[in-house]
Amino acid sequence: MSKSQKFTILTLLTIVALILNLSLGSVEIPFLDSFKSLLGTPLEDKSLEYILWSYRIPKAITALFVGASLALSGLLMQTLFRNPLAGPFVLGISSGASLGVALLIMGASLFGISHVSTLVTTLGASIGSLLVLSLIGTIALRVKDSMSLLIIGIMFGSITAAVVSVLSFLSSKEELQQFIYWSLGNLGAVDSTALSILVGISILSFTVGLTLIKPLNALLLGESNARNLGVSVKNSRILIIIITGLLAGTSTAIVGPIAFLGLAIPHLCRLWFNTVDHKILYPASLISGTLFMLICDTISQLPYSSAVLPINAITSIIGAPIVIWLLIRKKKMHF
Amino acid sequence: MVHKIYTILFFAFSLSATMAQDQQLKLYYAEHFKVNEKEDGVKILTVINPWPNSNISYEFALIPKDNEELKANYRDYQCIFTPVERIVLSSTTHIPSVVDLDEVESIVGFAGTDLISSKEVREAIDIGQIKELGLNEKINIETAIALHPEVIIGFSINSSNKAYDELEAFGIPIVLNADWLEQSPLAKAEWVKFFGLFFNKEAQAQHIFNQIEADYLEAKKLAAKANKQPTLISGSLYKDVWYAPGKDSWAASFFKDANADYLFSDMGSSGSLSLSIEEAIVKGSTASFWIAPAQFTSYQEMLDSNTHYGVFESFKNKKVFTYALTKGETGGMLYFELAAHRPDLVLKDLIYILHPQLLKNYQPTFFKPLVHE
Amino acid sequence: MKLENLHIGYDNFTVVRNLNLEFKLGSLHTIVGINGIGKSTLIKTICGELQSIEGSVSIEGEFIENISFKELAKHISVVHTSREENKFLSVYELVQMGRYPYLNWIGKLTENDKQIIDQALALFEITEFKNQKCFELSDGQYQKVLIARAFAQDTPYIILDEPSTHLDLYHKINLFKILSNLAHNYNKCIILSTHEIERAIELSDQMLVLLKDEPYFDTPQNLIDKEVFQRIFPSEMVNFNPHSKSFVLKDIHP
């Protein structure tokens, strides 16, 4: 199968996944009705119309961009650090976000506010991840090689995770519950401002990131070789970190931390397309990330039942076995 | 003549027989405790299934203080000596019964004093009579022991509570209160009789409950007179899951007794429902009234939390009523404290909202309209 | 490439001093010396990765620190010893990266680029492997791929840091032959560091011998006449025979 054939399959699958995601949910909306509504015909049952337009479509768009963002940032991190275990959160972004949210929830309750609104948690997560990212960014300018940066990022992650544990220990039931709900991830509670920010930043990052394809390929030869080929390793490193920060940070701030996707999708793409060429992996990760997120979201809605599962659990439960299976088939990983 | 003698003998026999037997305290609604009064005056209190899915009962022997030696006959029981003069409580639902029984002076400690609304009890806290013990799950052991309580009324959501185990090992009797597991309004209220036991005030407790029961049933009859059943919903979203009371729950019983059509009542029974946001919209957007949207106090606050609230008719027509606007001095919710003990007031509040023509000149205790903003 | 009064080293530690020489196009130059004498340091300095402590390196009159990395990549290509490359790349993909200094931002290959790549593959006889993944090749074949990449980079100067380390004897000799060919038939200036001193003596045009006290730069024959090679290794253990042009172990057993 040629590469373009594979791309076509991926794209088709994504379109199907999108249609399924919009059509399946706890409440049954007849297929024909959703079609009609998408084409502009108003439906008689106003609540069904509301659900489709104000709930499912925004959720699908969120899934689309979050999936693509996380997959791409995972790819960037894996190539920059030449490490197969790297993911979008290896620079401490999700730990920073968790810390921000935890502090905000606890701080709010000290002021008597028992329930923190989504806007506030988004803000807390953004500030938290931004702080951690800028700390790491400044260190990146002083550290000569990427390996040290990776370790520093992981250390940051540990520190923030520890602080969050202490906060959790000292919190009340309600605060803890709010925090846990946030950390389980949720695609459905995104309002239109947040959604436009997500879409805007994602598209901007995807476009600017295209300039990284050549440097990323050069980095596959090692940093010295990349430099000798005329690629500015320092500038590329900075741009990679900025874009990862934007993509992973925005996603996490808006929908909470989504585990596993950023780590697994680039590997799946490498294995399926049988290449490490970023000219292919870049778009492949974007599309695969979207596809995976749409599938996971559809499943987490547990169609036809009233229960809903947290998205984080689904991404891990589905993703991990797939990667394991593919690796068993391939027998060796070359990194 | 012989006939008469036999009758008299029969009556004498049965009379003495009943007198020789244990007296069981008559409980009409509560299912999680029962009381057996022995001939020697000792009351055996049994608390049944104090947490969800438990299969366990706890028995306590309540022995009068002036007959302490009787405890020798009750070695297999946890003994508590009445009347209790130093009691520790752990939930605000315990407060109203103790207040109505005029036993505020007996309270020496509480877990989470800020949550208490009752003015009388707040005074006792302010003068230092009632000590703060921390949250129920993390009670401060040392403070609790230093108070020398004669009994701690606790509650537990599962079989493990380290703090309680430690306190019991120290010799302080812990009685778990299971009133929160009762599903009917009158069953919860009947727990005033549980508290009456500790203070030897059973008769007063009976009297208090009888009044509440009478008022409740009267309100229920009043509601039945309404010829229209308004539709209502309850609960609210967390992220995209809607939490609401189930059909057979305590909260939903009020809706039924207030003669209203609770639109989520066909979505599963008991405890709490979790609906997907889609179902909540489809099933509930047409409801005329919205009672108890959790902690929200204003329309703007609700919209800020989730834009989807705006699609509900009851929201658009400003027919949302909340208990969250009625708070005590230190922020405790009055509803959480008093509603269990005074279902009559809850029912009347609902009737006032749902069938205003039936109750004129009524001041609601718990439910206020959401603030327009 | 001119080295003038060059002192090289790290931070304030000078490893080699007083380098004054010129590497010429069309010649094969080798750098030899014991481990740790500074061969790698010198390589890093002349390809612009490491700053000199004193003195200068210039190409065609321009100091290399004044040339941007991008421009420099069109003049110097480097083949390192350390195998940091991702072996999942195909031969073609790796060789094509040699064209990167000339490609646009997305890395599009023009017809000219493709021709140069094909030429590189043919020259090193690896055309038949072009679609295979690098991990499938033997060490010798892989080494050829790396040099092919440097060739595709089409630079006048090709610098190699101990390129024969992983190779067996046949491939070692073959490598030197290829490099000699590149120097003499393609007018490249080849600079490589190596431990294969005897091979280097046979095939180099000029050699730079790094000794503890000073560096020596001259043709192999002149260096033999000046008895420079004797001084590379401790004389108690090894002797250099100027007639056979090889090193001989001294009697170990007394």
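Author: In chain C, the assignment gives domain 1 (1-75 + 156-254) and domain 2 (85-154), with bounds that come from an automatic or database domain assignment. This is a predicted model, in which local features need pLDDT of at least 70 and side-chain atom pairs count only at pLDDT 80 or more, while totals for chains, interfaces and linings use all residues. Residues are numbered from 1 along each chain as its sequence is written, and chains are lettered from A and ligands numbered from 1 in the order in which they are written.

Taken over C-alpha atoms, the centres of domain 1 and domain 2 of chain C are separated by 26 Å. Across this boundary, 11 residues of domain 1 of chain C are in contact with seven residues of domain 2 of chain C, two residues being in contact if their C-beta atoms, placed from the backbone, lie within 7 Å. On the side of domain 1 of chain C that touches domain 2 of chain C, the largest share, four residues, comes from helix 6 (residues 169-186) of chain C; helices (H or I, at least four residues) and strands (E, at least two) are DSSP runs, numbered from the N terminus. That side of domain 1 of chain C divides into seven nonpolar, two polar and two charged residues, where Ala, Val, Leu, Ile, Met, Phe, Trp, Tyr, Cys and Pro count as nonpolar, Asp, Glu, Lys and Arg as charged, and the others, Gly among them, as polar.
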